[in-house]
Amino acid sequence: MSEGNPLSRSSPTLTIIRHLWGLDGHWRDWLTKIKASGYAGVEGPPPADSDAFAAALRALDLHYVCQIVTHASDRSATGHFQSFKSQIEAASPLSPLFFTSHSGVDMWPLDESRRFLSNALTYAAKQGLDVSHETHRGRIFFNPRDTLQLLSEFPDLQLTADLSHWVNVCERIPDDATLGLALLAPHIRHIHGRVGYAQGPQVPDPRAPAYALELAAHERWWAEIWRIRIGAGQRQLTLTPEFGPPPYQQTSPYTALPLADPWDVSLWMAARLRERFAHTFPQGESPLLKGM
């Protein structure tokens, strides 16, 4: 960006999104609470009553991040691409801020993944769409090795970084070299701010001292991603504190009661990131910090 562009002189903004996953009841019961809690938008698949959903988002001035989950009965790249395309077409009238996709299948050989990505990237470019593919277990980008290989072949590829999955897949806290963070970060469009550990993609409670090492590692990775993206000129960065319900959230084996409340944990994470990175994202007091 040139020096004459006011955007180049503006402070970067951290846009924190609330996921709709695991919220009991109708979305109408949650949007006002989400807005009042300080979130700037919501993330999830489009609901059946999408026109009413779009009107409610506009009324509350909430962004929408559209989640896509590709599927095909034959598990083929062609079938998954058709699923990808049809879901985008169905959701496009909602004018999402961007799309984030659980793409493909982990069992594919790389050639099948290449076939899907070539079609998906070509389609998104022709339609002028902002699409990000998630690093998720069970999907193409389930591990750092294959992800880094595909990034080298598809330089326009954008990712939603949910590094909690990689901690689980690697069964350890990977070092930055294993993650390939310097190569990964320029491709990251969005972050899912969940903390994983060796035995699962979600620690029982990131506030607990027992998971201080995992929390510190994830925050270090997110900070490095933001540093690289801001250095490249990006001014809006997005994050969803994606702590999910059972069975992601661990429960007591006898009562089946969750060991922590995912709503409270997600709100705590959002507030923590606002506070810890206030020097990076100087936006003043956020409602997310009140009462914490």
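So, the largest pocket: its volume comes out at about 160 Å³. Quick word on how that's found. Rolling a probe the size of a water molecule over the atoms shows where empty space is left. Here a pocket is an open set of points on a 1 Å grid over the protein atoms alone, where a 1.4 Å probe fits, with protein on both sides within 12 Å along at least five of seven lines. Points are joined across faces, edges and corners, and the volume is the space filled by probe spheres set on them.

Before I go on, this is a predicted model, so local features need pLDDT of at least 70 and side-chain atom pairs 80 or more, while totals for chains, interfaces and linings use all residues. Numbering starts from 1 along each chain as its sequence is written, and side-chain values use heavy atoms, with hydrogens and water left out.

Back to the pocket. Which residues line the largest pocket? They are L121, A124, A125, L129, D130, V131, F154, P155, D156 and Q158, where lining means having an atom within 4 Å of a point. Seven are nonpolar, one is polar and two are charged; Asp, Glu, Lys and Arg count as charged, Ala, Val, Leu, Ile, Met, Phe, Trp, Tyr, Cys and Pro as nonpolar, and the others, Gly among them, as polar. Helix α5, residues 110–127, gives the largest share of that lining, with three residues. Helices here are DSSP runs of H or I, at least four residues, and strands are runs of E, at least two, numbered from the N terminus.

Okay, strand β1, residues 13–19. Six of its seven residues are buried, meaning under 20% relative accessible area with a 1.4 Å probe, protein chains only. β1 pairs in the parallel sense with β8, residues 236–240, over four bridges, and T15 faces T238 there. Pairing takes at least two DSSP bridges. With β2, residues 41–44, β1 also runs parallel, joined by three bridges, and I17 sits opposite G41.

Most residues other than glycine have a negative phi, and most peptide bonds are trans. Where does the cis bond come in? From P246 to P247, with omega near 10°, and P247 is in the loop between β8 and α11. That loop also holds A256, not a glycine, yet with a positive phi of about 65°. A256 counts as exposed because its relative accessibility is 53%, and the cut-off for exposed is over 50%. Then there's E171, positive phi of about 55°, in the loop between α7 and α8.
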